[in-house]
Amino acid sequence: MQTVGYAQRAGRRAVDSRGFEYEVLDLYILGTRYAIRLEDLARAIAGHGAVRIEEITREWKNFLGATCGLAQVSVSKKGLNIEIFDGGQYTTPLAALCRVIENRERSAPVAKIPGPSLLLGEKDRRIFPEQQRLSAFA
């Protein structure tokens, strides 16, 4: 896996659309900055589902924008899997992320999860006009 960014707790607070302030964890992935609310992330690490990844804009304050992805703890409980809706899938080690949340480390690496590779025989497969396509809903 290739490292494409990092997660960092900078102690920043961000304001949501209702005017509430939240402390956020910054995610920098391929040059784009995202945010995860720390209280939601703590719940997700404790095993209570997925957490939203939101876009963040900087004006005179940090503002949380639209939800642009989801993150959840992996099945093995060793990583936090991140899915950006229009940007792919990523992961970060859960132990390193916990050290960042506890202010024992400055950042945790974020790596890209490789996409499914095509098998050698499937990439050149063509469907001929006389072949019939089967529908899953038939």
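Strands here are DSSP runs of E, at least two residues long, and helices are runs of H or I, at least four residues, all numbered from the N terminus.

A word on the model. It is predicted, so to speak of local features we need pLDDT of at least 70, side-chain atom pairs count only at pLDDT 80 or more, and totals for chains, interfaces and linings use all residues. Residues are numbered from 1 along each chain as its sequence is written, and side-chain values use heavy atoms, with hydrogens and water left out.

Back to the strands. β5 covers residues 51-58. β6 covers residues 62-73. The two pair antiparallel, over seven bridges. Two strands count as paired if DSSP finds at least two bridges between them. What joins β5 to β6? A hairpin, through three residues.

β5 also pairs with β4, residues 32-37. That pairing is antiparallel too, with two bridges. Tyr34 has Glu55 in β5 as its bridge partner.

Next, the loop between β6 and β7. Ser74 sits there. Is Ser74 buried or exposed? Buried, because its relative accessibility is 11%. The cut-offs: buried is under 20% relative accessible area, exposed is over 50%, and partly exposed is in between, with a 1.4 Å probe and protein chains only.

The Ser74 side chain makes a polar contact with the side chain of Ser76, at 3.3 Å. It also reaches the backbone nitrogen of Lys78, at 3.4 Å. A polar contact is a pair of N or O atoms within 3.5 Å; within protein, one must be able to donate a hydrogen and the other to accept it, and residues adjacent in sequence count only if both atoms are side-chain atoms.

Setting aside residues up to four places away in sequence, Ser74 touches Gly79 and Asn81. Touching means heavy atoms within 4.5 Å.

So, to Asn81. Asn81 lies in strand β7, residues 79-84. It counts as partly exposed, because its relative accessibility is 29%.

Last, helix α2, residues 94-101. Which residues of α2 are buried? Leu94, Ala96, Leu97 and Val100. Seen down the axis of α2, the buried residues fall within an arc of 160 degrees, so they line one face of the helix. That arc is taken from the directions from the helix axis to the C-beta atoms. After α2 comes Asn103, with a positive phi near 60 degrees.
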